[in-house]
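Please examine the sequence and the model shown below. The paragraphs that follow lead through selected backbone, packing and surface features.

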Amino acid sequence: MIAAISWRNVWRTKLRSLVIIMAIAIGLTGGVLSVGVFNGLAEQKMRTAIDTQTAHIQIHKKGFTDDYDIHYFLENPDKIVAAIEKDKRIKSFSTRTISELMIRTANGSAGVQLLGINPEAEKSISTIWESVVDGAYFEGIKRNPILISQKTAEKLKVKVKSKIILSMLDGDGNAVDAGFRVVGIFKTSSSMFDEATAFVRQGDLQRLTLMKGVNHEITIKVTDLEEVSPVIASLKSNLPDDLQIESWKEVQPELAYISDMTGQMNFLFLGIILFALAFGILNTMLMAIFERIKEIGVLMAVGMNKFKIFMMIVFETIFLALIGGFIGIVISAILMLWLGNQGINLSVVGEGLAAYGVGQILYPQLSGAFYFQLILMVFFTAIFSSIYPAFKALKLKPVEAIHG
Amino acid sequence: MSIIQLKNISKIYNPDTIPVYALDKVNLEIQEGEFTAIVGPSGSGKTTLLNMLGGLDLPSEGKILINNTDLQSLSSKQLIDFRLYNIGFVFQDYSLLPVLTAKENVEFIMQLQNRSKAEYEKRAIELLDEVGLGERIHNRPSKLSGGQQQRVAVARALATKPKFILADEPTANLDSKSTNDLLDIMKKMNKESNITFIFATHDQRVIDKARRVITIDDGAIIKDEINTSVA
Ligand SMILES: Nc1ncnc2c1ncn2[C@@H]1O[C@H](COP(=O)(O)OP(=O)(O)OP(=O)(O)O)[C@@H](O)[C@H]1O
Ligand SMILES: [Mg+2]
């Protein structure tokens, strides 16, 4: 009956209760949507980075990624490929030869990391072929084609079919200059990646650096993000120790960091909103108790003990908060579903976000686990804001309350 | 048998600032089955005395024994339970819970005593029948007249099977008809079930029905007489 009394007490001052309920609902909706946007940004950045840059897993010889010394190559690529092909959880893979070098034109120079790729196999592990905005993806130029980014093209003032010079060191440490022709110009959503990367055919790079058959990197995509860790574990146990087998998180720690940070910031953000709402709830409950001093005094007089009076107030507070929380969560879940499908067009701020590695359209998103945690947070807010009013009620003395 | 004994009770409000001597060395015994009115002018200490009898407030000096339990020896938690099981209260302005129906108001107090559902449902209906509200058990207080609400309050006070019932100005807000109905009901319970009633009142209609009339003034009992003309 105590819970029933609390429930009915909520509706005694309908307008006042509705005001605080709506405040909770609106506050939560705003909070959830913002969190969804932040989360979507982080997720999209992560997905884009995986699709265009890191894939899921990368294998190098230990030491290669320290300063990309071309002598740290994979010694037994066939054996590694055999191990990869056996694993059903691996969807696709591709080998790369890598060299850090200068691109020069009459108008200037740019340092890039040149990825020697197999154009066909590369399609299965990266979306770079879809990011070509001018020219074509390794089509139309027979001899020494190179794919450069729009950023680099603008910097060097070159167009498709322009000739450029690559200056590099070969495997024997001799300086080599080679002429390449721009086959295509790409643009991903990460300007940082674009500035630092260019693609050529693996065979061309191997030939020019006198490193026939040399691979520096094997890049892997698995069937499901969840499989990354187990696949790495089984590759590590099957392959020699001098290999560095890393997940996308290890390849780009800042990606993992962003997604962790986003998670923490989101809870901090919601925590602040809920903390503010808690004071609204607290105020509403204090008003309610102030109006019912006499009633509570009577209850104490006739023998309702302090614990039950305490619980009566706590329940009422929890009901208020949970009704508001429920409405807020339902509204935001519906909005999130809609926005998650529709996306938010960010073209107004598109340039800034491109540097951050997110496309023009943002898809806010949240996990089911998030909603669960949110419900818990609302619940704790309710309990938090009920304690002071409930103690306030206990302080009442039956005689004075009845007199008052 | 004496169910209440007050020994040299004094009550001083605000002892540290402007002391008010609301009760001054009051001695009083109440027997089971009494129908007693405490009367006196406004501010004479009636409510204060009733609060002492009901364990709602403790005296500054003296001793209160109810059923041989010394109220001062109880912790505040024990005192609440003691009230729940031993004392019924009826207040001037009805004091029902507005969100509960008549029946729920009566049931609620029995739930506080942890009685079984079957028991409290049956007893609530019986008691509301007895106070003449068998038809109105599902009405909330706002749908009942003052007199009807006060009868629900009497049913609630009786529900816990207390040793006695304290009523502070129960008729102050009632018209003559309601007052008479209420008094008849209480009188009948007193006669048939030997339930003890103690009133604090100005109301002559109540005083006329009381078998014992205790008059206080300035916190002291100045008269204590049996009204032989009342049955
Ligand atoms: N909580 C309190 N603090 C200070 N003084 C009080 C308090 N309660 C009562 N008094 C004083 O004690 C005296 C007795 O008050 P009490 O309420 O017992 O009188 P009463 O006989 O019930 O009066 P009434 O007929 O108006 O109800 C009065 O002088 C009153 O002002
Ligand atoms: Mg009084």
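Is N67(B) buried, partly exposed or exposed? N67(B) is partly exposed, with a relative accessible area of 26%; buried means under 20%, exposed over 50%, and partly exposed in between, with a 1.4 Å probe and protein chains only. This is a predicted model, in which local features need pLDDT of at least 70, side-chain atom pairs count only at pLDDT 80 or more, and totals for chains, interfaces and linings use all residues. Residues are numbered from 1 along each chain as its sequence is written, chains are lettered from A and ligands numbered from 1 in the order in which they are written, and side-chain values use heavy atoms, with hydrogens and water left out.

Most residues other than glycine have a negative phi. N67(B), although not a glycine, has a positive phi of about 50°, and its place is in the loop between β4 (61-66) and β5 (69-70) of chain B. Helices (H or I, at least four residues) and strands (E, at least two) are DSSP runs, numbered from the N terminus. E169(B), also not a glycine, has a positive phi of about 50°. The loop between β7 (164-168) and α6 (176-193) of chain B holds E169(B), which counts as buried at 12% relative accessibility.

The packing comes next. A nonpolar core is a set of buried Ala, Val, Leu, Ile, Met, Phe, Trp, Tyr and Cys residues joined through side-chain atoms within 4.5 Å. The largest has 116 residues, of which I4(B), L6(B), V106(B), F108(B), L128(B) and I198(B) touch the most other members. Helix α13 (residues 306-342) of chain A gives the most to this core, with eleven residues. Beyond its neighbours within four places in sequence, I198(B) is in contact (heavy atoms within 4.5 Å) with residues including I4(B), I30(B), L50(B) and F164(B). A second, separate core of 23 residues includes V81(A), I218(A), V231(A) and L239(A).

Chain A is divided into domain 1 (2-50 + 256-402) and domain 2 (63-241), with bounds from an automatic or database domain assignment. The C-alpha centres of these two domains of chain A lie 49 Å apart.

N144(A) lies in the loop between β4 (132-135) and β5 (145-149) of chain A. This residue, N144(A), is buried, with a relative accessible area of 3%. Its contacts outside four places in sequence include G179(A), R181(A), D204(A) and L208(A). By contrast, L268(A), in helix α11 (residues 253-291) of chain A, is exposed, with a relative accessible area of 51%.
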